[in-house]
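Please consult the sequence and the coordinates alongside the text.

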Amino acid sequence: MYNHLQLSQKFLYYYLTASNGKGHGVHSPFVFDFIKNVLLDKKVYDCYHSVEDYRKLLLSNKELIEVEDFGAGSSLTPSNSRRVNDIARSSVKSKKYGQLLFRIVQYYQPAVLLELGTSLGITSSYLSFGNPSAKLFTCEGAGSIAAIAQKNFDSMSLDNMEIIVGDFSKTLPSLLANLKNIDFAFVDGNHRKSSTINYFQQLLGYSKSTSIFVMDDIHWSSEMEEAWIYIQNHPSVTLTIDLFFIGIVSVNPDYKVKQHFKIRF
Ligand SMILES: C[S@@+](CC[C@H](N)C(=O)[O-])C[C@H]1O[C@@H](n2cnc3c(N)ncnc32)[C@H](O)[C@@H]1O
């Protein structure tokens with residue numbers, strides 16, 4: 001994992017070299033439409049309040065819970081006891097990105113969604129609100145954390161999702177075996193290079209031309225940057241968008257020339 005200074009330098013480089021986020025000079029209809037209708041959509045949707053209220057509750061929850069450690073992905077010290085508020089502060093996507101993920105789902109209306117790394121269910125809630133008629137499978141290894149997320153889903157009456165508890169290495173293959181396609185995936189679990197590539201390869205087997213995969217923390221460490229380069233170079237990948245804290249991937253074969261975009265967000 002890069003230290004704060006390294007990450008700040010990387011962010012500065014991204015910011016200076018990315019296109020301005022207004023869509024000027026972007027020669028991809030998909031990306032232009034994405035910028036205009038998703039990235040720049042400033043409307044405050046009702047669910048933003050519900051999810052952020054839930055985040056506030058978690059941030060004030062000092063309960064200690066026993067948590068199985070599932071490796072890279074948290075900036076917390078490796079200990080089996082963690083406070084809920086520490087998890088909410090360090091392991092969960094920010095409001096800005098959670099709301100962007102909501103807008104992606106709301107705009108493209110994927111029918112089958114997968115999230116690797118439920119944690120406390122903040123981003124899962126955004127995804128669920130994005131398309132209430134979709135089915136969302138969200139995978140989490142730590143049973144105690146998943147139980148808190150489940151309580152939240154029940155309290156918000158989010159009934160279009162299912163939490164699958166267990167190590168991704170076991171749960172993902174069996175989950176995928178029961179699905180035909182994945183229309184949208186958010187990969188936000190184990191931040192190791194080999195695992196990230198492995199999950200991506202499994203997802204590819206269930207992709208269709210309109211599938212959108214979102215990879216989290218693509219600049220978090222040298223391993224994650226290598227995984228992102230691997231994904232960009234994969235022959236099935238036709239378009240990627242680097243927003244620094246997440247990377248968006250399309251495998252649509254209609255985009256005949258592979259293109260990579262870096263957009264300020
Ligand atoms: C960064 S958090 C997910 C945050 C969540 N997507 C959000 O933004 O609200 C990553 C989660 O993935 C889980 N995880 C990491 N590696 C895993 C593995 N190999 N199997 C199962 N769960 C894993 C961790 O327990 C942790 O709760």
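In this predicted model, helix α1 covers residues 4–17, and its 14 residues should span 20 Å at 1.5 Å a residue. The C-alpha atoms at its ends are 20 Å apart, in agreement with that expectation. The number of buried residues among the 14 of α1 is zero, so this helix lies largely in the open. A residue counts as buried here if 20 or more other C-beta atoms lie within 10 Å of its own.

The chain as a whole contains ten helices and ten strands. Its radius of gyration is 18 Å, close to the 18 Å given by the globule rule for 265 residues, and the chain is therefore as compact as a globular protein of that length. Along the principal axes, the C-alpha atoms occupy a box of roughly 50 × 40 × 35 Å. Buried residues make up 40% of the 265 in the chain. Among contacts with a separation of 6 or more, 66% join residues 24 or more positions apart.

How are helices α5 and α6 packed? Helix α5 (residues 95–108) and helix α6 (residues 122–130) have axes 7 Å apart and meet at an angle of about 25°. Angles under 35 degrees count as roughly parallel, and α5 and α6 are therefore roughly parallel to each other. Their crossing is right-handed. On the α5 side, the contact is made by Gly98, Gln99, Leu101, Phe102, Val105 and Gln106; α6 contributes Ile122, Thr123, Tyr126, Leu127, Phe129 and Gly130. As a general point, an α-helix has 3.6 residues a turn, so residues three or four places apart point the same way.

Technical notes. Residues are numbered from 1 along each chain as its sequence is written. This is a predicted model: local features need pLDDT of at least 70, side-chain atom pairs count only at pLDDT 80 or more; totals for chains, interfaces and linings use all residues. Helices (H or I, at least four residues) and strands (E, at least two) are DSSP runs, numbered from the N terminus. The expected span of a helix is 1.5 Å times one less than its number of residues. A residue is buried if 20 or more other C-beta atoms lie within 10 Å of its own, exposed if 12 or fewer, and partly exposed in between; C-beta atoms are placed from the backbone. The radius of gyration is taken over C-alpha atoms; the globule rule is 2.2 Å times the number of residues to the power 0.38. Two residues are in contact if their C-beta atoms, placed from the backbone, lie within 7 Å. Axes are lines fitted to C-alpha atoms, for helices over the stretch in contact, and angles run from 0 to 180 degrees between N-to-C directions. Angles under 35 degrees count as roughly parallel, over 145 as roughly antiparallel, 65 to 115 as roughly perpendicular and the rest as oblique. A crossing is left-handed if the near helix is turned anticlockwise from the far one by less than a right angle, and right-handed if clockwise.
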